[in-house]
Amino acid sequence: MTASPLIALVGNPNAGKSALFNALTGARQKLGNYPGVTVERKSGRISLSDGRPVELVDLPGTYSLTPTSPDEQVTRDVIMGKQEGERLPDALIIVIDAANLENHLRFTLEVLSLGIPAVVALNMVDLAKRDGLELAPEILSKELGIPVLPTVAVRKRGLDALLKALTPVIGAGAIQLRPPAAPDDFAARRAKAHALAHKATLSETPSRRLTHAVDKIALHPVGGPLLLLALLFLMFQAVYAWSEAPIAMIEGWAEMLGDVATAMTSPGYFRSFLVDGIIAGVGSVIVFLPQILILFFFILLLEATGYMTRAAFLMDGLMARVGLSGRAFIPLLSSFACAIPGIMATRSISDPKDRLTTILIAPLMTCAARLPVYAVIIGAFIPARNVGWGVGLQGLVLFSLYIGGIIGAMLVALLLRRTVTKGKSSGFLMEMPKYQWPRWQDIALGLWQRAAIFLKRAGTIIFASTVVLWALLSFPKPPEGSDISPVEYSTAGRIAGGLNVIMEPIGFNRDISLALIPAMAAREVAVAALATTYSIEAGDDEEALEQSLGERLKGDWSLPTALAFLAWFVFAPQCISTIAVTKRETNGWRWPIFMTTYLFVLAYAAAGITYWTAVGFGL
Amino acid sequence: MHLHQLPLGQPAFIDRVEWDSLSLGEGQRLREFGVDEGCSIEPLHRAGLLGRGALACRVGRMTIAMRRSHAQAIHVRMGAERNDNETLEADRVAAE
């Protein structure tokens, strides 16, 4: 089916390209990667007005065809037919922000000079109208010599007309690519774009009144940072407060499933495998899906509304102090959900050293996979007290763990920028888009894609490591009448015993050493591993089986050990996928090895200091 | 006067940009944002209390964020509200 025509969506950043892509394809999207580079390829199948199927691909936004980042390079290469693994598009949909005509027309002129058939989607005409702009698409169409259709992607308006205009364009004949215009044509193109915009604008009043009014508060030198801090705090409180009910529900299901499985099987290896291995292990991780989704919900919301760039603006001063740019704030904030999209998002940073530093500190941002670990330990050891003003102590501890990661990251960045990534400090230049009401369907689609990735991980990596761990924990069995516990006697118990020699000084016990091994696959496996360990250890002891993982931990661990375990996870590089993506993004083993080493050293030191301090205070 | 010395909310014309003091990529990006000699620009917001933070400016119908170091490279002349004919004239001159 590769023979179907290809249509590419191109446009400046903030033209509403992705919203148009979502509106055209709905949930029928395919996410992939371009070979050789790590730029995401988003595509979907749609039907033209005459029923012909075509493939639609959403290209990264760019301001011109002179790329400054790998993302922009892909866009340029695709529409010039030079991108490996991608055929030359049969037609382009050039997406223009109706409220920023002049700038977007300049890029349109540059793209049109290549000679690929195109139609223009004059997008967000409703917002342009709100801002007092009255435009004449027909004049624009006459001047450009191609169809220009007004659209409002988020309201799905104008899509049929767009597809109708596209239909005769596709398959009309072979494409003759023209060489790209020389960069010094820039001024000429700009003058032409200016004249065009002037002609197509019937009336105009001062721009973006709503956005300016909101920015007066959001970018206020004092109010702005306070608002940002409040938003982040709300986000982390919500992760706990909103997730209680759905978590209880999932726990209920897992318990029910365990009971059913127990009733349906006879005692033996198979029951142990099913109940202790699969249900206890995988179940204990899936329980955290609600919290991960709440976190992603906030991040998607901040991105969709246009607030994220304001946050970058506010943070630039602070980031500059540690040698980074405000641009790094967005990948770092994404890393709170997961370091992998975060590290991939650094591709928008054009300065290579700036980018490398951001990649190296991204794993220090507390990702969602640490949440299961934090949640279990905090739930077991930190009392659910109210410390006043409706702030819960558990949420506060969680917040401080996040802050700990951030401070760690800033200090590491400062150090790196003076040593291994030494160089001229990079700049900070970015467009601040207008505020927009988010389209809930887009947020829901984003959440669904994240949930699918998480569940897939739970079903594959976490499932597999749980099974392997169960086997290592279950064999060999201690001889009859022996008073050694089955876990201690097992293969895993012996490996952990060896590792424990290194981990004991920082307050870790054998169970933790045991959990850390499979947690290299994914951090949340630590919880699954602890659950499996205790489930097997409990054996047929009814009373022990009744206890939740939290209760077991509370009985077995001291408070200093629990705190040290939390501190370890603030820094530890425990996720093979992150290391792999770092290798891919930095083109070699040098930086991922460096990253893993420094993070382990930091984790060990942090856990040790926490443990010794807590013991010193008599906790 | 330099852009960073301009009071917030005061529109001005860009007289001269010290392109040489900017990196190639930065110069290109500023041009792509519409910053060029003859255009009007208006500082809107400044991050941080000490005047050292990033600066948000209106250029055309866009709001862009830049650092003080970029603003220092932009020489401005106080003028009236944006005059489209004048800007167009500047574009024509630049085009030639």
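1. G44(A) pairs with L56(A) as its bridge partner in β4(A). The model is predicted. Strand β3 (residues 40-47) and strand β4 (residues 53-58) of chain A run antiparallel, and 6 bridges join them.

2. Both strands belong to an open sheet of 7 strands in chain A. The order is β2-β3-β4-β1-β5-β6-β8, and the pairing is mixed. At the edges sit β2 (29-33) and β8 (148-150) of chain A, each of which pairs on one side only. From one strand to the next, the twist averages 25°.

3. Two helices of chain A lie across strands of chain A. Helix α1 (residues 17-25) of chain A lies across β1 (6-11), β2, β3, β4, β5 (91-97) and β6 (118-123) of chain A. Relative to β4(A), α1 of chain A runs at about 155°. Helix α3 (residues 101-112) of chain A lies across β1, β5 and β6 of chain A. Its angle to β5(A) is about 165°.

4. The crossing of α18(A) past α26(A) is right-handed.

5. Which residues make the contact? On α18(A) they are L401(A), G404(A), G405(A) and G408(A). On α26(A) they are L566(A), V570(A) and F571(A). By class, the contact of α18(A) with α26(A) holds 4 nonpolar and 3 polar residues, with no charged ones.

Notes. Residues numbered from 1 in each chain as written. Chains lettered and ligands numbered in written order. Predicted model: local features only at pLDDT ≥ 70, side-chain atom pairs only at ≥ 80, totals over all residues. Left-handed = near helix turned anticlockwise from the far one by under 90°. Helix = DSSP H or I, 4+ residues; strand = E, 2+ residues; numbered from the N terminus. Contact = placed C-beta atoms within 7 Å. Nonpolar A, V, L, I, M, F, W, Y, C, P; charged D, E, K, R; others polar. Pairing = 2+ DSSP bridges. Axes fitted to C-alpha atoms, helices over the stretch in contact; angles between N-to-C directions.
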